[in-house]
Structures are given as structure tokens and as C-alpha cells.
Amino acid sequence: MRVFDNGSLYSVTVLRHEVEAFKRTWPCSTLPDAAITFQFDKQNGDLVDILPYRIAARVDGPDALALSQDAQAVGRTRLKLTE
């Protein structure tokens, strides 16, 4: 995963091979075989956006939530953000 500090937000890109590996652990996952970027608010941790927009509508459901929570945890750790 790649983490980017965007000022008041931070972004975590889950690379394609990481999405594919995640999908192998999640039966019936509907996530696309593509890199997905999750953007979070630094202060409260809210998910602000999912990129790229062409696949954002397909990133929905419990598998997407679990992957976004994994990405959020990696981002908070790498940026040394506290809860």
C-alpha cells in the first residue's frame, strides 16, 4: 500500500496485486481487479472519497469496507496519527 499525506486528508492506494490478494481471502468479493485509492480525513478518520471514479461505484459492500479499514489502519500507522 502507498500512503500519501494530503494536508488535512490522507490517501492510501491499495495496489492491484494487493486487491487481488485480499479478494482471495474474501469469498464472493465484488471488488474490481484494479488499484483502489481510499481518502480519509486526518482528524476523525472518515472515509472521504474512493478513486478512481470509474470504479468507485463498484467498490461497495462488506468487502470494500474491510479493505478500506485495512487501508485506513496502514495510513494511520505510517503517518503516525493517533486515535
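Trainee: Which residue in S4 does Phe40 stand opposite?
Mentor: Phe40 faces Leu47 there. Keep in mind that this is a predicted model.

Trainee: How many bridges pair S3 and S4, and in which sense?
Mentor: Four bridges, and the sense is antiparallel. S3 covers residues 36-41.

Trainee: And in what order do the strands of the sheet come?
Mentor: The order is S1-S2-S3-S4, four strands in an open sheet with antiparallel pairing. S1 (2-6) and S4 (47-51) are the edge strands; each has a single partner, so one side of each has no neighbour in the sheet.

Trainee: By how much are neighbouring strands turned against each other?
Mentor: On average by 20°, ignoring direction.

Trainee: OK, helices now. Which strands does H3 touch?
Mentor: H3 (residues 62-78) packs on the sheet and touches S1, S2 (9-14) and S3. The directions of H3 and S3 make an angle of about 60°.

Trainee: Which residues of H3 are buried?
Mentor: Asp63, Ala64, Ala66, Leu67, Ser68, Ala71, Gly75 and Arg76. The buried residues of H3 pack against S1, S2 and S3, and also against helix H1 (16-25).

Trainee: What span should H3 have, and how far apart are its end C-alpha atoms?
Mentor: With 17 residues at 1.5 Å a residue, H3 should span 24 Å. Its end C-alpha atoms are 24 Å apart, so the two agree.

Trainee: Last one: what phi does Lys80 take?
Mentor: A positive one, about 55°, just after H3.

How values were computed
Residues are numbered from 1 along each chain as its sequence is written. This is a predicted model: local features need pLDDT of at least 70, side-chain atom pairs count only at pLDDT 80 or more; totals for chains, interfaces and linings use all residues. Side-chain values use heavy atoms; hydrogens and water are left out. Two strands pair if DSSP finds at least two bridges between them. Helices (H or I, at least four residues) and strands (E, at least two) are DSSP runs, numbered from the N terminus. Axes are lines fitted to C-alpha atoms, for helices over the stretch in contact, and angles run from 0 to 180 degrees between N-to-C directions. Contact means heavy atoms within 4.5 Å. The expected span of a helix is 1.5 Å times one less than its number of residues. Buried means under 20% relative accessible area, exposed over 50%, partly exposed in between (1.4 Å probe, protein chains only).
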